[in-house]
Amino acid sequence: MIVSPPLSPPTIVLSNDGSDSNNIKDRFIRFAYRWKYLDNEYSALSPFSEVAFFPSTYSYDYGTGSNKSMVNANNVVNVTLNTGTSNVKEIQLIFKDSQ
């Protein structure tokens with residue numbers, strides 16, 4: 001069976017659920033995915049998404065010389081991806097943390 005790999009990166013939408021929990025506060029995460037076909041072969045990885053990071057309001061501490069705004073203003077990432085054809089039986093979501 002000849003199949004093509006995913007050609008488009010996942011789409012990400014950042015949001016904030018209003019809670020104090022933020023596991024992506026200081027992370028620069030990108031997402032990709034690959035398909036597992038009916039014959040148990042895997043596709044190549046899709047391209048990686050944009051970085052799931054949006055800085056908070058600008059704040060610079062002149063006393064310590066640190067940029068306090070380099071914290072993710074969001075704490076939720078919604079990932080949307082192409083689910084492929086009927087030959088796809090499983091999707092693996094991959095992330096890369098570029099701290």
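Is Asn72 buried or exposed, going by relative accessibility? Asn72 counts as buried, at 3% relative accessibility. Buried means under 20% relative accessible area, exposed over 50%, and partly exposed in between (1.4 Å probe, protein chains only).

This is a predicted model, in which local features need pLDDT of at least 70, side-chain atom pairs count only at pLDDT 80 or more, and totals for chains, interfaces and linings use all residues. Residues are numbered from 1 along each chain as its sequence is written, and side-chain values use heavy atoms, with hydrogens and water left out.

**View 1. Asn72 and its surroundings.** Asn72 sits in the loop between strand E4 (66–67) and strand E5 (76–80). Strands (E, at least two residues) are DSSP runs, numbered from the N terminus. A polar atom of the Asn72 side chain lies 3.0 Å from the backbone oxygen of Ala52. A polar atom of that side chain also lies 3.2 Å from the backbone nitrogen of Asn74. Leaving aside neighbours within four places in sequence, Asn72 is in contact (heavy atoms within 4.5 Å) with Asn22, Ile24, Lys25, Arg27, Ala52, Phe53 and Phe54.

**View 2. The largest nonpolar core.** Five residues make up this core: Ile12, Ile24, Ile29, Phe31 and Ala52. A nonpolar core is a set of buried Ala, Val, Leu, Ile, Met, Phe, Trp, Tyr and Cys residues joined through side-chain atoms within 4.5 Å. Not counting residues up to four places away in sequence, Ile29 touches Ile24, Glu50, Val51, Ala52, Phe95, Lys96 and Asp97.

**View 3. Ile94 in strand E6.** Strand E6 (residues 88–97) holds Ile94. Ile94 is partly exposed, because its relative accessible area is 23%. Beyond its neighbours within four places in sequence, Ile94 is in contact with Arg30, Phe31, Ala32, Tyr33, Arg34 and Leu45. Thr80 is 14 residues from Ile94 along the chain, and their C-alpha atoms are separated by 13 Å.

**View 4. Asn40 and its positive phi.** Asn40 is found in the loop between strand E2 (29–37) and E3. Its phi is near 70°, a positive value in a residue other than glycine. Most residues other than glycine have a negative phi. Asn40 is partly exposed, with a relative accessible area of 43%.

**View 5. Tyr60 in strand E3.** Tyr60 lies in strand E3 (residues 60–61). With a relative accessible area of 32%, Tyr60 is partly exposed.

Technical notes
Helices (H or I, at least four residues) and strands (E, at least two) are DSSP runs, numbered from the N terminus. A polar contact is a pair of N or O atoms within 3.5 Å; within protein, one must be able to donate a hydrogen and the other to accept it, and residues adjacent in sequence count only if both atoms are side-chain atoms.
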